[in-house]
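Please look over the model shown here before reading on.

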Amino acid sequence: MNTKMSVTEKLFGSTKSYIKRNAGILIGLLALCVVIAIRSDSFLTYDNIMNVLRQSAQNIFLASGMTMILIAGGIDLSVGSVVGIIGVMVGTMINQGLPIPVAIIICLIVGALMGTFNGFILSRTTLPPFIVTYALMTILRGSTYVYTGGTTVRIDDRNFIAVGTGYTLGVPNPVWYMTIILIVVYIILNRTKLGRHIYAIGGNQKAAEFSGIDVKNVRLFVYVFSGLMGAVAGIVLAARSYAGQPTAGNGAEMDAIEACVLGGCSMAGGYGFIGGTIIGALIIAIMNNGLNLMRIDSYWQMVAKGIIVLIAVYVDYVKNQKKNKKG
C-alpha cells in the first residue's frame, strides 16, 4: 500500500511540475482549441482529432531530435532534406521489389549516417552548426532533384502504404510510432547519464569538458539521432502520401525548431523539455487544422507561424536576460 501511495504521489508530483512548467503554453493551447471549436463544429470530432494527431506526428518525429540538439547548443537545418531523400529512396526500393522491412532498415541506417556526417564534423571542429547543416541540407535536396529529375516516385504497395495510413486499435499507426519515440526521448533526457551530459554541454561546454564528459561523442549522438528521426519522418510521409516526393520536407526543419522553441527550448542551449515540445507541435498542428476548417487562406498559416516563432524567441530572449542578470 505504501509503495502504491509513493508511486501515486510521485506521478502526481511529476504531473504538477509539468503543468506548472508549461502553464503558459498550455493556456495558449487550450485557448486555441476553444476558439476553433466555437468556429467549427467538426473540430472536436474523433476523426478530426485523429487527423490532428497524425499530422502532428510528422513534426514530432523531427522535433524529438531537434529538442536534443537545441539543448546541446546546436541546430540542424538538414532534417527536412533528409525527409525528402529518404522518401524517394524507400519508394524506389519498394517499387524494385525489396522486402518492406529491409527497405525500412536501410533507410533508417542511411538517415543515421546523414546525421553522423553532421555530428562528426561539428564534434571535431569549431565550424558553426548553422553552416554545416545548411550545407548538407542543400546537398541532399539537390541530390534528390538530380536523382528524380524533379518527378514523384509513385508507390502502390498496399502493405507499405499501411505503415503510414493504417490503424491499430482505432489509433493511426503514426501516432503509435510517435508515442514510442517520445517515451524513448523522455527516458534519455530525464533518466540517463547521457541526458545529463546533453544538458551539461548546452549549459557550458567548457565546464562539461573539465568535468570529464565526452563532449565529442555526446554531440555526435544527438545529430545521429536527429538524422534517424528524419528517416522515420521520410518513411512515414512516403507511406501516407503514396509517393516519394523530391519536395517532401521543404521547410520541415523550421516547423521542428518552432515546436521546440514554443515548447520552451532555449536557442542558447542547456534548457528544454520534450514535454514542452509536444505541446508546441500540437499548437502548430491544431492551428493549421483550425485555419483549414475555417476556410482561411493557407498563406495566413505562414504569417501566423512566423508571428508565433517571433514571440517565442523574444520570450526566450527575455528569460536569458533575466538569468544573466541574476548570474
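This is a predicted model: local features need pLDDT of at least 70, side-chain atom pairs count only at pLDDT 80 or more; totals for chains, interfaces and linings use all residues.

Residues are numbered from 1 along each chain as its sequence is written, and side-chain values use heavy atoms, with hydrogens and water left out.

**Largest pocket**

- About 850 Å³ of space lies in the largest pocket, a pocket being an open set of points on a 1 Å grid over the protein atoms alone, with protein on both sides within 12 Å along at least five of seven lines; the volume is the space filled by probe spheres set on the points, which are joined across faces, edges and corners.
- Its lining (residues with an atom within 4 Å of a point) comprises 34 residues, of which G251, A252, D255, N288 and K305 lie nearest the centre of the pocket.
- Helices α3 (46-71), α11 (215-241), α12 (252-262), α13 (274-293) and α14 (299-326) each supply at least two lining residues, where helices are DSSP runs (H or I, at least four residues) and strands likewise (E, at least two), numbered from the N terminus.
- By class, this lining divides into 15 nonpolar, 15 polar and four charged residues, with Gly counted among the polar ones.

**Largest cavity**

- The structure holds one cavity of 30 Å³ or more, a cavity being a set of grid points where a 1.4 Å probe fits but cannot get out, and the volume of the largest cavity is about 30 Å³.
- Among the residues that line this cavity are V83, G87, G234 and L237; α11 gives the most to the lining, with four residues, and the lining as a whole has five nonpolar, five polar and no charged residues.

**Helix α4**

- Helix α4 (residues 79-95) reaches 24 Å from its first C-alpha to its last, close to the 24 Å expected at 1.5 Å a residue, that span being 1.5 Å times one less than the number of residues.
- Of the 17 residues of α4, 15 are buried (under 20% relative accessible area, with a 1.4 Å probe and protein chains only), and just after the helix G97 takes a positive phi of about 90°.

Methods. Buried means under 20% relative accessible area, exposed over 50%, partly exposed in between (1.4 Å probe, protein chains only).
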